[in-house]
Each structure stands twice: as C-alpha cells, then as structure tokens.
Amino acid sequence: MDFLEPAFMQRALLAAVLVGITAPAVGIYLVQRRQALMGDGIGHVAMTGVGLGFLLNSNPVWMATLVAVAGSVAMELIRAYGKTRGDLALALLFYGGMAGGVLLINLSPTGSNANLTSYLFGSLSTVSTEDVTAISILAAFVVLVTVGLRRQLFAVSQDEEFARVTGLPVRALNLLIAVTAAVTVTVAMRVVGLLLVSALMVVPVAAAQQLSKSFRATFILAVATGVTVTLAGTVTSYYQDVPPGATIVLYAIGIFIALTLLAAPLARRRARAAEQASADCDARCVPTTRQPTDDVKVL
C-alpha cells in the first residue's frame with residue numbers, strides 16, 4: 001500500500017475514481033443513441049480549450065470545459081439540422097479543434113508539446129490540487145444529471161419520437177446529454193487523456209451489456225467496471241511507469257473480452273433452459289380426449 005503515501009498518487013486515485021464513475025454514466029446514453037464516438041470528437045475540440053488555458057495563463061481544465069461545452073452544443077445542432085452536410089461540418093470541427101490546441105499551446109509562453117502530451121494521454125504526476133477540485137465539481141454535475149434525470153434521458157436516447165409524443169423536452173434533453181458528455185471529457189482528460197477518454201465512456205458499457213439486459217443493471221455494472229479499471233490502471237502506472245490512459249483502456253478491453261467469453265456459454269444455457277421450459281409448457285397445455293367411463297354419464 002505504499003502507493004498511497006505520495007501526495008500526487010492520492011490526488012490521482014481520487015481523480016481516477018471520479019473518472020471511473022462519470023465516464024460510463026454518460027457513455028451508456030451515448031451507446032444507446034449510437035453516438036459512441038462523440039466523446040472522441042469532443043476530446044479533439046477540448047484540445048483548443050487546453051491550449052487557450054495555457055495562452056491565457058488560466059486553469060486548462062476550466063477552459064477546456066467551456067470550449068468542449070460550446071463544441072458539444074455545435075455538434076448536437078449539426079446532428080439535428082446538418083442533414084447531408086453534417087458529416088463534413090463535424091469533421092471540420094474535430095480537426096480544427098485539434099489544430100487549434102497544438103497552435104495555441106505553442107504560442108503560449110508557458111506551454112509546450114510536453115504539456116499537451118499529458119492532456120492527450122493522461123499523466124499521474126501532473127494532477128494538481130486545483131485539478132482535483134475542478135474534477136470533483138464537474139463530476140458532481142455529471143452524476144446529478146445522469147442519475148437524477150435517468151428516466152428522461154433514457155427515453156430520449158431510446159426513441160426520440162416517442163419521447164416527443166409523451167411531452168418531454170427532447171431538444172433540451174439532447175443538448176443536456178451533449179453538454180454532460182463534454183464535461184465528462186474534461187473530467188477524464190487528466191487521468192485517461194483526451195484521445196482515449198471515448199474508450200472509457202464506451203468499453204465498460206459494452207462489457208456490462210454482455211451480462212445484463214436491463215438499463216439499471218447495465219448502468220451499475222458499467223460504473224463498477226469503470227472504477228475498477230481506472231484504479232487498477234492508475235496503480236499499475238505507478239509501479240510499472242507506463243502511461244495511465246493506455247493502461248486503463250487496455251484493462252477495460254480485457255474485461256470486455258473476458259465477459260464476452262463468459263456470456264457465450266451463459267447465453268446458450270439460458271436458451272436451452274427456455275427451450276426446455278417451452279417444451280414442458282406445451283406438454284402440459286396440450287388438451288387430451290377423455291374417454292367415457294362407467295362413472296361419467298355420456299349424453
């Protein structure tokens with residue numbers, strides 16, 4: 001337990017737990033909406049916010065949050081109204097965000113490519129007390145939205161037309177999902193990195209879906225998987241001196257593969273049990289012709 005002694009590891013572990021909770025909590029809605037790569041696009045846009053933070057000598061986490069939120073709103077509006085030109089507009093937004101981040105951070109007097117690398121792939125030693133404070137506040141917002149509005153967000157993610165008919169504010173909820181995803185990206189960038197955060201939003205959810213069918217069970221299992229892999233990856237990074245973001249993502253993929261292999265025989269067993277139950281029911285439900293006896297009066 002010596003990894004708990006350094007102050008930077010205490011901060012990193014706290015940030016890892018928050019990331020492990022928030023990323024799958026938002027990712028389950030993105031997967032349901034078939035927008036698994038949205039986190040990746042927001043990560044590209046958030047790079048401009050990081051570079052702007054260094055240029056203006058302000059906290060890059062807060063600046064990245066502002067830029068990522070603006071970018072996510074633009075993505076949602078393009079998705080809703082872009083139609084045939086939507087893909088091109090999103091591509092320009094993604095690549096422009098990445099290029100802007102690289103340019104701005106090199107123009108800043110205190111920034112360099114080394115600083116940008118820690119935001120792209122995560123870094124344990126650079127998580128400051130100020131970063132932990134910002135991550136905690138943002139994570140609280142994400143949990144409040146994803147848990148408090150889970151019924152409404154699930155309805156919109158499952159079927160927008162049905163949600164609109166029932167009277168839900170579909171456009172506002174769609175924008176809220178986009179904003180929450182943007183906040184999650186900035187929460188995770190100090191631990192996992194902007195380029196890998198999308199994997200942590202999607203892979204734990206995909207792993208949980210191998211064993212669970214209900215939304216609630218998938219949500220709980222995905223968050224548990226996220227916390228497990230972020231803690232394991234952070235500790236491994238401390239002892240083996242490997243990048244935390246890559247380690248966390250590989251652990252998540254490993255759990256996905258393990259659960260997939262485990263789910264296959266379970267699915268076959270359930271199928272056989274269902275077939276047997278159906279056969280038993282058919283045998284019980286088939287009407288039989290009763291032969292008349294001496295005790296029964298036949299009319």
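## Close-up views of a predicted model

View 1. At 5% relative accessibility, Glu76 counts as buried. This close-up, like the others here, comes from a predicted model. Glu76 pairs with Arg33 in a salt bridge, and their closest N and O atoms are 3.5 Å apart. Arg33 is buried too, its relative accessible area being 12%. Because Glu76 sits in helix 3 while Arg33 sits in the loop between helix 1 and helix 2, the pair ties together parts that are 43 residues apart in sequence. If you are keeping a tally, the structure holds three salt bridges, and the next two views show Arg190 with Asp131 and Glu161 with Arg164.

**View 2. Arg190 and Asp131 join in a salt bridge.** Here the side chains of the two residues meet at 3.2 Å, N to O. Look for Arg190 in the loop between helix 9 and helix 10, and for Asp131 in helix 6. The two residues are 59 apart, so this pair links distant parts of the chain. Arg190 and Asp131 are both buried.

**View 3. Within helix 8, Glu161 forms a salt bridge with Arg164.** The closest N and O atoms of this pair are 3.2 Å apart. Helix 8 covers residues 160-165, and the two partners are three residues apart in it, so about one helical turn separates them. Glu161 is exposed, with 53% relative accessible area. Arg164, at 42% relative accessibility, counts as partly exposed.

**View 4. Helix 2 crosses helix 3.** The axes of helix 2 (residues 38-55) and helix 3 (residues 60-81) come within 7 Å and cross at roughly 140°. The two helices are therefore oblique to each other, and their crossing is right-handed. On the helix 2 side, the residues making the contact include Gly41, Val45, Gly49 and Leu52. Helix 3 contributes residues including Met63, Val67, Gly71 and Met75. Sorted by class, the residues of this contact are 13 nonpolar and six polar, with no charged ones.

**View 5. Helix 1 packs with helix 6.** Helix 1 runs over residues 7-32 and helix 6 over residues 129-148; they pack at an angle of about 25°, their axes 10 Å apart. That angle makes helix 1 roughly parallel to helix 6. The crossing is left-handed.

**View 6. Leu195 and its neighbours from elsewhere in the chain.** You will find Leu195 in the loop between helix 9 (170-188) and helix 10 (197-209). At 30% relative accessibility, Leu195 counts as partly exposed. Leaving aside residues up to four places away in sequence, Leu195 touches Asp40, His44, Met98, Leu120 and Phe121. Ile42 makes a handy landmark: in sequence, Leu195 and Ile42 are 153 residues apart, yet their C-alpha atoms are 9.6 Å apart in space.

Note on methods
Residues numbered from 1 in each chain as written. Predicted model: local features only at pLDDT ≥ 70, side-chain atom pairs only at ≥ 80, totals over all residues. Heavy atoms only, no water. Axes fitted to C-alpha atoms, helices over the stretch in contact; angles between N-to-C directions. Helix = DSSP H or I, 4+ residues; strand = E, 2+ residues; numbered from the N terminus. Parallel < 35°, antiparallel > 145°, perpendicular 65-115°, else oblique. Left-handed = near helix turned anticlockwise from the far one by under 90°. Contact = heavy atoms within 4.5 Å. Nonpolar A, V, L, I, M, F, W, Y, C, P; charged D, E, K, R; others polar. Buried < 20%, exposed > 50% of the residue type's maximum accessible area, 1.4 Å probe, protein only. Salt bridge = Lys/Arg side-chain N within 4 Å of Asp/Glu carboxyl O.
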